[in-house]
Amino acid sequence: MNNKVLTVGTLAFDTIETPFTKAERIMGGAANYSALATAVFDIEQAVVSVVGEDYPSSFLEVLTEREVDISQVEIVKGAQTFFWSGRYATNMNERVTLETQENALRNYIPKLSSDFAGASFILLGNLHPKVQLQVLEQLCERPQLIVLDTMNYWIENTPELLDEAIRKIDILTVSDEEARALTGETNFLKAVEKLQAKGVNYIIIKKGEHGSMLFHEDKSFFTPALPLAEVCDPTGAGDTFAGGFIGYMAKTGDISFENMKNALAYASTLASFCVEKIGTERLLTLTKEEVLRRLFYLKELTQFDINIV
Ligand code: AMP
């Protein structure tokens with residue numbers, strides 16, 4: 001086992017509208033958020049992705065400055081980068097996707113380097129499930145942990161491929177809304193049962209400001225989201241969560257259910273920073289000290305020593 005993390009996901013331009021702010025064509029994409037979160041753990045990591053010629057080198061430098069290996073990021077000549085735009089409702093919980101342009105992602109076939117084909121920790125971040133499957137096919141050995149994240153776009157447009165990918169992984173992380181869309185069950189506990197019946201060993205359901213839950217066999221665990229006075233933009237919170245989760249698992253090298261509880265707390269803490277500013281802005285200035293302070297706060301918030309009477 002090594003503690004290398006290989007993340008596949010989009011590198012994107014995002015246009016985001018919230019009731020309070022709007023930003024156009026800023027740095028986004030699942031892989032950017034995840035890699036920034038994993039970088040907090042100071043471990044070897046690589047991103048596998050694709051961009052067009054229009055993707056600024058300054059965006060890639062954000063990753064290289066954090067020692068993220070980007071040798072498996074393909075730049076397609078004459079193509080444009082994946083583009084996504086979304087708008088949030090006043091309560092910041094509901095989001096509509098206004099536009100998704102797959103662009104360079106459409107015909108992309110990932111090529112793994114020998115350096116990372118043996119990584120023990122794989123994050124199949126949000127992107128085309130065909131690409132997630134192609135990454136799995138190129139791994140030279142069975143990793144310790146494969147985490148998969150996805151989005152309604154793929155649940156609706158590529159359900160068969162997504163189903164094939166989900167059957168090959170260890171941990172599925174989805175929002176409660178995505179779990180419903182995936183299974184057709186309105187109750188999220190029933191959705192979890194259906195996913196377990198498919199053979200998914202561990203399931204994480206993210207419930208936004210209402211925290212997240214981990215399920216494994218008949219065991220479950222809950223982490224609240226950090227209470228925040230102000231939420232600027234929830235974009236990327238799920239990807240940050242996934243990057244934080246796998247980063248902690250890789251750093252500690254312990255893939256037990258008990259340790260996943262800690263990873264969930266860490267993931268929740270990191271995601272809480274993501275939403276404080278627009279896009280990746282807050283993650284770009286994040287320090288380890290800030291993260292630890294908030295992690296201890298979460299610990300205090302949730303632990304109690306009850307005197308049973
Ligand atoms: P989240 O808020 O965690 O769902 O992640 C939002 C990020 O995912 C944005 O930065 C988008 O660029 C990216 N994104 C949006 N739609 C897709 C999609 N269909 N596939 C992959 N990434 C996407």
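This is a predicted model: local features need pLDDT of at least 70, side-chain atom pairs count only at pLDDT 80 or more; totals for chains, interfaces and linings use all residues.
## A term to start with

A polar contact is a pair of N or O atoms within 3.5 Å of each other.

Let's begin with Gly29: one of its polar backbone atoms is 2.7 Å from an oxygen atom of the ligand. Asn126 takes part through its side chain, with a polar atom 3.2 Å from a nitrogen atom of the ligand. How much of the ligand does the protein bury? On its own the ligand would expose 500 Å², and 95% of that is buried by the protein.

Which elements give two or more residues to the shell around the ligand? They are strand S2, helix H4 (152-157) and helix H8 (237-252). Helix H8 provides the largest share, with 3 residues. There are 20 residues around the ligand, and the nearest are Asp14, Gly29, Arg95, Gly236 and Asp239. Sorted by class, the shell holds 10 nonpolar, 7 polar and 3 charged residues.

## The sheet of four strands

Now find the open sheet with 4 strands, arranged in the order S3-S2-S6-S7 with mixed pairing. Why is one side of S3 and of S7 left without a neighbour in the sheet? Strand S3 (22-28) and strand S7 (95-101) are at the edges, and each has a single partner strand, so one side of each has no neighbour there. From one strand to the next, the twist averages 20°.

Take a closer look at S2 and S3. A hairpin of 4 residues links S2 to S3. Strand S2 (residues 12-17) runs antiparallel to S3, and 5 bridges join the two. Within this pair, Phe13 is placed opposite Met27 of S3. Helix H1 (residues 30-38) packs on this sheet and touches both S2 and S3, its direction making about 65° with that of S3. Here is a handy rule for tracing any regular strand: side chains alternate between the two faces of the sheet.

## The sheet of nine strands

Another open sheet has 9 strands, in the order S5-S4-S1-S8-S9-S10-S11-S12-S13, again with mixed pairing. At its edges are strand S5 (68-76) and strand S13 (219-223), each of which pairs on one side only. Neighbouring strands here are turned by 15° against each other on average, if direction is ignored.

Inside this sheet, do S8 and S9 pair in the parallel or the antiparallel sense? Strand S8 (residues 121-124) and strand S9 (residues 145-149) are parallel, with 4 bridges between them. Phe121 faces Leu145 of S9 across this pairing, standing opposite it. Finally, helix H6 (residues 176-183) lies across strand S10 (171-175) and strand S11 (202-206), and runs at about 110° to S10.

Notes. Residues are numbered from 1 along each chain as its sequence is written. Side-chain values use heavy atoms; hydrogens and water are left out. Two strands pair if DSSP finds at least two bridges between them. Axes are lines fitted to C-alpha atoms, for helices over the stretch in contact, and angles run from 0 to 180 degrees between N-to-C directions. Contact means heavy atoms within 4.5 Å. A residue is near a molecule or strand if one of its heavy atoms lies within 4 Å of it. A polar contact is a pair of N or O atoms within 3.5 Å; within protein, one must be able to donate a hydrogen and the other to accept it, and residues adjacent in sequence count only if both atoms are side-chain atoms. Accessible areas come from the Shrake-Rupley method with a 1.4 Å probe; for residues, only the protein chains shown count as cover. Ala, Val, Leu, Ile, Met, Phe, Trp, Tyr, Cys and Pro count as nonpolar, Asp, Glu, Lys and Arg as charged, and the others, Gly among them, as polar.
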